[in-house]
Amino acid sequence: NHSPEYHAAMAACCTEFALEAWAMPVLKVPALKWLGLGLTLAGEFTRKLAMLTGGSNFTHLVAREKHPGHRLVTRGVYRLCRHPSYAGWFLWSTGTQVLLCNPLCLVGFCFVSW
């Protein structure tokens, strides 16, 4: 259950990958794939750690009001980063584009995710 914007981004990155692999395979630099994989895994780990550390205080929805049982989490990964889930998402989403060697979508994903 992802948003239409998410599906549009996925379609764009798959299209860019396929077109560039066919028309300009020189853009698909093997060494960059390892950097992209590292960024993607770091982002996934950071986001999952934020979810585990936040526990019942973590939600995928932006809260506009403080719920009665909600507590501010300041331990674990939250001690190092105020919004580790967002940081993890940024690393994951941009890392996927480095992994795929998609220069156009990398710029777009950086802009939108920031």
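A search of the whole structure, a predicted model, finds two aromatic pairs. One of them joins Trp89 and Trp92. This pair is stacked, with 5.3 Å centre to centre and 25 degrees between the planes. Both residues belong to helix α4, where they lie three residues apart and are therefore separated by about one helical turn.

Helix α4 also packs on helix α5. Two packed helices are described by the angle between their axes and the distance between the axes. Helix α4 spans residues 84–99, and helix α5 spans residues 103–113. Their axes come within 8 Å and cross at roughly 170 degrees. Angles over 145 degrees count as roughly antiparallel, so α4 is roughly antiparallel to α5. On the α4 side, the contact is made by Trp89, Phe90, Ser93, Thr94, Thr96, Gln97 and Val98. These residues meet Cys105, Leu106, Phe109, Cys110 and Ser113 in α5. By class, the residues of this contact divide into seven nonpolar and five polar, with no charged residue.

The axes of α1 and α5 come within 9 Å and cross at roughly 155 degrees. This crossing makes α1 roughly antiparallel to α5. From α1, the contact draws on Ala9, Met10, Ala12, Cys13, Glu16 and Glu20. Their counterparts in α5 are Pro103, Leu104, Cys105 and Phe109. The contact of α1 with α5 holds eight nonpolar and two charged residues, and no polar ones.

The pocket analysis turns to the space between elements of the fold. The largest pocket holds about 1600 Å³ of space. Its lining comprises 42 residues. Nearest the pocket centre lie Arg47, Thr59, His60, Ser85 and Tyr86. The lining has 17 nonpolar, 17 polar and eight charged residues. Helices α1 (4–23), α2 (30–54), α4 and α5 each supply at least two residues of this lining. The largest share comes from α4, with six residues.

How values were computed. Residues numbered from 1 in each chain as written. Predicted model: local features only at pLDDT ≥ 70, side-chain atom pairs only at ≥ 80, totals over all residues. Heavy atoms only, no water. Axes fitted to C-alpha atoms, helices over the stretch in contact; angles between N-to-C directions. Helix = DSSP H or I, 4+ residues; strand = E, 2+ residues; numbered from the N terminus. Parallel < 35°, antiparallel > 145°, perpendicular 65-115°, else oblique. Contact = heavy atoms within 4.5 Å. Nonpolar A, V, L, I, M, F, W, Y, C, P; charged D, E, K, R; others polar. 1 Å grid on protein atoms, 1.4 Å probe; cavity = no way out; pocket = protein on both sides within 12 Å on 5 of 7 lines; lining within 4 Å. Points joined across faces, edges and corners; volume = space filled by probe spheres on them. Phe/Tyr/Trp six-rings, centres within 6.5 Å; stacked < 30°, edge-to-face > 60°.
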